Amino acid sequence: MSQPGVVTPEAVVLQFRAANVGSRIAAAALDLAIWGTAYSLALTVGTIVQLTYSPLPTWLAVTIMTFLTFGLVVLYPVIFESTWNGRTPGKAALGLRVVTTEGAPVSFRHAAIRSAVGLFEIFSTFGFAAAVAIFTSSGGKRVGDFAAGTIVLRERSAQSPPRAIIFHAPEGAEEFASTLDVSMLTSAEYVTIRAFLLRAESLDKHARLALANSLGSRFLKRIRTRPPEWLTAEGYLLCLATAYQRRFAPPPTL
C-alpha cells in the first residue's frame, strides 16, 4: 500500500510509504506492552500502599484506578504524538510517524481526536474496525485518521532525505507578496502552483506563458489583491507560493 507523496508547506515531497496493517499492529503491540507495564507497576504500588498504610475507601481506590486507566489509554498516545513529532515509543521503534495530510506535524488536537476515536474503533472492536479501514482506504487510514486529518507514514526508506525548496518573491515584489492573504488557498491548490513553478523552465515558451496566465487569472479572482502592473503572471504565482510557505510552514524546531 503506497502513498504517492505528501507535500509540506516548505515544498518538501515526502516520498514515504503509508504504514501497513502489520507495522501498525507491531507498533501498537509495543505501546501496549509499555502501557501494561506502567499499569501493572501502578497497580502494584497502589496495592502495597493499601496493605502497608491506612487503606483508602473502596470508592476512592476505584476512582483513582479508573482515572489512571483512562489516562494511560487515552493520554499515552496523545502526549507522545503531540510532543514527539507524531511518534509513540512503538511507532518510533517501527519507523512510523503520524503527520497531517498536508505533511505538517500533528498538534495536540490531532492526537486527541485520533485517541478519542480509537477508544471505539480499536478497543471496542478489538482493532477489527481499524484494520478494515486501513485495508480499504487508499492512504491506509483508520477512522481516527479520517476524523483528525492525519496519516501514518513509514519513514524508513533507502531514498535520500527530501530537500526543502523555498520560494522567494521576484525582486521588487517582496512587499506585495507580504500583503497577500492566502488563507483561502487549499493545500491541493498550492501543490498545483508549486508543480508549475518547478516545471516552468522545462515547458515550451508559449505553453509556459499560457499556463501561467491561466493559473494567474484563476487565483487572482479569489485572492483579489491586484499585483503591480509590471509583475508577470508567473511572478504573481511565485508571490503566492512565497506567501503560502510563510503562512503555513510550521515553525522551525531547535
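Which residues form one aromatic cluster? They are Tyr 76, Phe 80 and Trp 84. Before we look around, keep in mind that this is a predicted model.

## Aromatic pairs

Let's start with the rings. A pair of aromatic rings is described by the distance of the centres and the angle of the planes. The count here comes to four aromatic pairs. Take Tyr 76 and Phe 80: their ring centres sit 5.1 Å apart with the planes at 65 degrees, and since an angle over 60 counts as edge-to-face, that is what this pair is. Both residues belong to helix H2 (residues 58-83), and because they are four residues apart there, about one helical turn separates them. Tyr 76 is buried, with a relative accessible area of 13%, whereas Phe 80 comes out at 29% and counts as partly exposed.

Now for Tyr 190 and Tyr 244. Here the ring centres are 4.4 Å apart and the planes are at 10 degrees, so this pair is stacked. Tyr 190 sits in helix H8 (residues 187-199) and Tyr 244 in helix H10 (residues 233-248), so the pair ties together parts that lie 54 residues apart in sequence.

## Helix H4

Next stop, helix H4. It covers residues 108-123, which makes 16 residues, and its first and last C-alpha atoms are 21 Å apart, close to the 22 Å expected at 1.5 Å a residue. H4 does have a kink, though: about 35 degrees, centred on Val 117.

Which residues of H4 are buried? The list runs His 110, Ala 111, Arg 114, Ser 115, Gly 118 and Glu 121. As a bit of background, an α-helix has 3.6 residues a turn, so residues three or four places apart point the same way. Keep an eye on Arg 114, as this residue of H4 comes back below.

## Salt bridges around Asp 145

On to the charged residues. Side chains of opposite charge can pair when their charged atoms come close. The model has eight salt bridges by count. In one of them, the side chains of Arg 24 and Asp 145 meet at 3.0 Å, N to O. Arg 24 is in helix H1 (residues 21-52) and Asp 145 in helix H6 (residues 143-148), so this contact ties together parts 121 residues apart in sequence. Arg 24 is buried at 13% relative accessible area, and Asp 145 is buried at 0%.

Asp 145 also forms a salt bridge with Arg 114, where the closest N and O atoms are 2.8 Å apart. That pair links distant parts of the chain, with Asp 145 in helix H6 and Arg 114 in helix H4, 31 residues apart. Asp 145 and Arg 114 are both buried.

Where does Lys 91 come in? Its side chain meets that of Glu 81 in a salt bridge of 3.3 Å, N to O. Lys 91 lies in helix H3 (residues 89-94) and Glu 81 in helix H2, so the two tie together parts that are ten residues apart in sequence. Are these two buried or exposed? Lys 91 counts as buried at 13% relative accessibility, and Glu 81 is buried too, with a relative accessible area of 2%.

Terms used:
Residues are numbered from 1 along each chain as its sequence is written. This is a predicted model: local features need pLDDT of at least 70, side-chain atom pairs count only at pLDDT 80 or more; totals for chains, interfaces and linings use all residues. Side-chain values use heavy atoms; hydrogens and water are left out. The expected span of a helix is 1.5 Å times one less than its number of residues. The bend at a residue is the angle between axes fitted to the seven residues ending there and the seven starting there. Buried means under 20% relative accessible area, exposed over 50%, partly exposed in between (1.4 Å probe, protein chains only). Rings of Phe, Tyr and Trp (its six-membered ring) pair if their centres lie within 6.5 Å; planes under 30 degrees apart count as stacked, over 60 as edge-to-face and the rest as tilted. A salt bridge is a side-chain nitrogen of Lys or Arg within 4 Å of a carboxyl oxygen of Asp or Glu.
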